Structures are given as C-alpha cells and as structure tokens.
Amino acid sequence: MLLREVAYARPASLGEAVELLAANDGARALAGGQTLVNVMKARAGSPDALIDLSRIEELKGIDLAGDGTLEIGAMTTYTELVQSSEARARPILGEVCAQIADLQVRNRGTIGGNICTNDPTNHLPPLLAALGAEMTIHGADGDRTVTAQDFFLGVYMTAVGTGELLTKIRIPAGRADGFAAVTLGVEGTCIVSAAASINGGLRIALGCVDAVPVVLEPEPEDEAAVVASVAAANIDPPSDVHASSEYRTHLAQVLAVRAVAQAAKNRS
Ligand SMILES: Cc1cc2nc3c(=O)[nH]c(=O)nc-3n(C[C@H](O)[C@H](O)[C@H](O)COP(=O)(O)OP(=O)(O)OC[C@H]3O[C@@H](n4cnc5c(N)ncnc54)[C@H](O)[C@@H]3O)c2cc1C
C-alpha cells in the first residue's frame, strides 16, 4: 500500500472547507498535491483527512483591476499564471512560474500551495516578498490580510493557522522586476534565489539563505550598494550537499545584483 488510509472530502464552498479543517486538527488542505502527496508517500507526514480545494470557485481566477493590481486565487496553477493575459500585467510572475519544475508539476501546482509550503527552496516566497504581495486568509472569523513579510514565519510555517485557508494573493501594479537563481539542474529547486522589484524604492528578497525570505531595501540602486546591503544582512545560510554556507553567501550577492539589473532593465 502506497499511502496509509486517509479520509477525503471535496467541499464546494470556502465555508464548508474551513468548517471541515477546523473540526479536525489532523486534516490538511489539498491543493495541487505536488508537495503534500509526496510528503505523504515519503511517510514524512500523515494527515487524517485531505480537504481537496479543487471545487471551490472562491479560490480560483486572476483579476486585473483598473489600477494594475492583480488578485490571484490561491488555487491558480503555475500554468494558468504563465498563460494568463491578466497576469502579463506583472510579467515576472509568468516568467518565474515557467521556471518551476516540469510541465506536470506546473499543471497541478498552485501559487497558494507553493507559498503555504514555504519551503525555502521554492521559487515563489522570495518573489512575492519582493513584489510586496498581500495575502488574504479566511477562517471562522472571516478574512484577514497580511503582508508577505508577516506571512512567512519559518520553514514550512506561515501565518495560515489551523482551520484557516489562504484565499487570495494581491500584487500591486508594477513592471520593473527581476529574478535570478542557481538551481539544481535546469528544472530543479533553488540553491539560492534573489528577486528584485523597483516600485518607488528597490526591494530585494533572497531565498534559500534563511528560513524565510530575507528582505533588503538598499539605496541607491547601484551594484556597490546592493552588494553592501547583502553583506550587511549578515546572512548565515545552511550548508548541505548542494552548497556550503560560504558559497550560498557568495551566490546571494551575485544573484541579487543580477535580479536588480533585470529589474532596472524592465523599468526602461
Ligand atoms: C518534481 C518536483 C519538482 C519541484 N520543483 C520545484 C521548483 O523548482 N520550485 C518550486 O517553487 N517548487 C517546486 N516543487 C514544488 C511544487 O511547486 C509544489 O506545487 C508546491 O510546493 C506546492 O503546491 P501545491 O499546489 O502542489 O500544494 P499541495 O502539495 O497540495 O499543498 C502544500 C501545502 O500547502 C497547504 N496548502 C495548499 N493550499 C493551501 C491554501 N489555499 N490554504 C492553506 N494551506 C494550503 C497544504 O495543506 C500543504 O500543507 C516541485 C515539486 C515536484 C514534485
């Protein structure tokens, strides 16, 4: 038997899903399943019940407001973001989603699942932190909105509490964005990543160097200031079979400079 027995529900509404999650501490939301099902297969996690979010209309869709703000449902897949004409208002979103894994993973994996996992090697936590995204979380008491910086709390930990669901991601208007990563092979997860956005000021978010994206706001935007701000952050990334802590620290500076250069190019 591949998986241990697990209860399964596929509610049609957000209210029903939240009720099911709140009623059972051992229940977990199932989005694209590209992390959760693998975790279950590896016996690293063993939920009592899966609450499949795929029928819930409130979690779907990409809306582009008149002022350029994007509102993206948590169940939007990477492929939908790559193909959506609305999402092209913020082109970096589709560009980065197109770099995630392979077609099968992109067809199933969702923006909500990606950031709720908050695996430091995932592409989207640093990207959404750099873009200044806001997340809407729904629970028994209604909706609350948190900034990306308050959303990511630790490895595999976010502001989404027991009995709550991430419903929407709101991304402000802008185009001057960049992303750079060194990955495990062409379609692999990140060894280190850096996202940058120039929207008013410059915001950089480094991935894979700490439990949560490390956000920096260097001034001015030139290369020396970017390198100095990464150095001043005193990051202490983990060492593993893929890279030493020193190499990750070096990559963080190199990739931050590349991401900022792309953002500056996209502004002109
Ligand atoms: C072969 C392979 C390669 C991969 N490579 C990459 C890569 O290069 N870059 C990258 O970023 N990712 C990569 N991934 C991970 C992939 O992007 C997953 O899709 C993502 O991490 C989880 O999204 P999901 O929709 O599949 O969520 P699921 O696996 O269904 O859920 C993940 C977690 O989030 C919770 N969750 C999901 N949605 C919500 C919600 N709306 N509210 C509250 N909690 C929720 C679930 O309960 C679960 O704990 C890879 C995966 C595979 C299998």
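**Figure 1. Lining of the second largest pocket in the predicted model.** The residues that line the second largest pocket are Leu30, Ala31, Gly32, Asp52, Ser54, Lys60, Met75, Thr77, Glu80, Asn107, Arg108 and Thr110. The structure shown here and in the following views is a predicted model. The second largest pocket holds about 180 Å³ of space. Sorted by class, its lining comprises three nonpolar, five polar and four charged residues.

**Figure 2. The largest pocket and its lining.** The space in the largest pocket amounts to about 1400 Å³. A total of 48 residues line the largest pocket, and those closest to its centre are Thr35, Leu36, Gly113, Cys116 and Thr117. Strand 2, helix 2, helix 6, strand 9 (157-158) and strand 10 each contribute at least two residues to the lining of this pocket. Helix 6 provides the largest share of that lining, namely five residues. The lining of the largest pocket consists of 21 nonpolar, 22 polar and five charged residues. The ligand takes up the space of this largest pocket.

**Figure 3. The shell of residues around the ligand.**

Figure 4. A polar backbone atom of Gly33 lies 2.7 Å from an oxygen atom of the ligand. In the side chain of Thr35, an N or O atom is 2.8 Å from an oxygen atom of the ligand. For Thr189, the distance between a backbone N or O atom and an oxygen atom of the ligand is 3.5 Å. On its own, the ligand has 970 Å² of accessible area, and the protein covers 86% of this area.

**Figure 5. The largest cavity.** Rolling a probe the size of a water molecule over the atoms shows where empty space is left. Across the whole structure, the search finds two cavities of 30 Å³ or more. The volume of the largest cavity is about 50 Å³. Its lining is formed by Leu3, Arg4, Val6, Met40, Arg43, Gly45, Ser46 and Pro47. Four of the residues lining the largest cavity are nonpolar, two are polar and two are charged.

**Figure 6. The second largest cavity.** A volume of about 50 Å³ is found for the second largest cavity. Of the 13 residues in its lining, Pro120, Gly207, Cys208, Val212 and Pro213 are the closest to the centre of the cavity. Helix 7 (124-131) and strand 13 (201-207) each supply at least two residues of this lining. By class, the lining of the second largest cavity comprises eight nonpolar, three polar and two charged residues.

Note on methods: Residues numbered from 1 in each chain as written. Predicted model: local features only at pLDDT ≥ 70, side-chain atom pairs only at ≥ 80, totals over all residues. Heavy atoms only, no water. Polar contact = N/O pair within 3.5 Å; in protein donor to acceptor, adjacent residues only side chain to side chain. Areas by Shrake-Rupley, 256 points an atom, 1.4 Å probe, with all protein chains shown as cover. 1 Å grid on protein atoms, 1.4 Å probe; cavity = no way out; pocket = protein on both sides within 12 Å on 5 of 7 lines; lining within 4 Å. Sits in = over half its atoms within 2 Å of the grid points. Points joined across faces, edges and corners; volume = space filled by probe spheres on them. Nonpolar A, V, L, I, M, F, W, Y, C, P; charged D, E, K, R; others polar. Helix = DSSP H or I, 4+ residues; strand = E, 2+ residues; numbered from the N terminus.
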